[in-house]
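Let's take a walk through this protein together.

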Amino acid sequence: MSIALYALAPRAKSRDELYKQLLKRGVESDTANAVLDSLELQGLLNDLEFAKLWSESRQRAKKLSKRVIASELRTKGVSQDIITEVIEEIDDESEYAQAFTLAQRKYNSIAHLDSEVIYRRISSLLARKGYGHGICARIMRELTSVN
């Protein structure tokens, strides 16, 4: 139990992350599951809350798309049902606005360059953040018509 509590101290973790950490520290599988069940009953371990917090944090700090956030949650061992629920809470227009703000900030710093270079740099930035070609094309049309 103390290993699990120390692991949860720096940041929230998914059940799967914590389970793997306990196994890595030499805790037997049955004991690890019992500890995790106890933590869930106490409200200290909740994959849905973890996924919501992770999603909000990654949107705010890293400006990541729904697709990248879903992939990260899958990597963290969160169930697909929870991932779907959390991703559906992200509004398409707010995601677009976030991508547009990101692109506009980049555009302002490279506006003096050739239009092909601008397009390439902004589209690669948006691609790294997980935004699709459709959003990128729409943003580029708006940026070039505004500026």
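Start at Lys 63, which sits in the loop between helix 4 (47-62) and helix 5; helices here are DSSP runs of H or I with at least four residues, strands are runs of E with at least two, and both are numbered from the N terminus. Lys 63 has a positive phi of about 55°, although it is not a glycine. With a relative accessible area of 22%, Lys 63 is partly exposed. The cut-offs are simple: buried means under 20% relative accessible area, exposed means over 50%, and partly exposed is in between, using a 1.4 Å probe and protein chains only.

Before going on, a word about what you're looking at. This is a predicted model, where local features need pLDDT of at least 70, side-chain atom pairs count only at pLDDT 80 or more, and totals for chains, interfaces and linings use all residues. Residues are numbered from 1 along each chain as its sequence is written, and side-chain values use heavy atoms, leaving out hydrogens and water.

Now step into helix 5, which covers residues 66-75. Leaving aside residues up to four places away in sequence, Lys 66 touches Ile 87, Ile 90, Asp 92 and Glu 95; a contact means heavy atoms within 4.5 Å. Thr 75 lies in helix 5 too, but Thr 75 counts as exposed, at 64% relative accessibility.

Let's zoom out. The protein chain has nine helices and zero strands. Its radius of gyration, taken over C-alpha atoms, is 20 Å, well over the 15 Å that the globule rule gives for 147 residues, so the chain is more spread out than a compact globule. That rule is 2.2 Å times the number of residues to the power 0.38. Along its principal axes, the C-alpha trace spans about 60 × 25 × 20 Å. Buried residues make up 40% of the 147 in the chain.

So what's on the inside? The largest nonpolar core has 16 residues, and Ala 103, Ile 118, Ile 122, Leu 126, Ile 139, Met 140 and Leu 143 have the most contacts inside it. Such a core is a set of buried Ala, Val, Leu, Ile, Met, Phe, Trp, Tyr and Cys residues joined through side-chain atoms within 4.5 Å. Helix 7 (92-110), helix 8 (115-128) and helix 9 (133-146) each supply at least two residues of this core, and helix 7 gives the largest share, with seven. There is also a second, separate core of 14 residues, including Phe 50, Ile 69, Val 78 and Ile 83.

Take a closer look at Ile 118, which lies in helix 8. At 5% relative accessibility, Ile 118 counts as buried. Which residues does Ile 118 touch, not counting those up to four places away in sequence? They are Tyr 107, Ile 110, Ala 111, Leu 113 and Met 140. Ile 118 and Thr 144 are 26 residues apart in sequence, and their C-alpha atoms are 10.0 Å apart in space.
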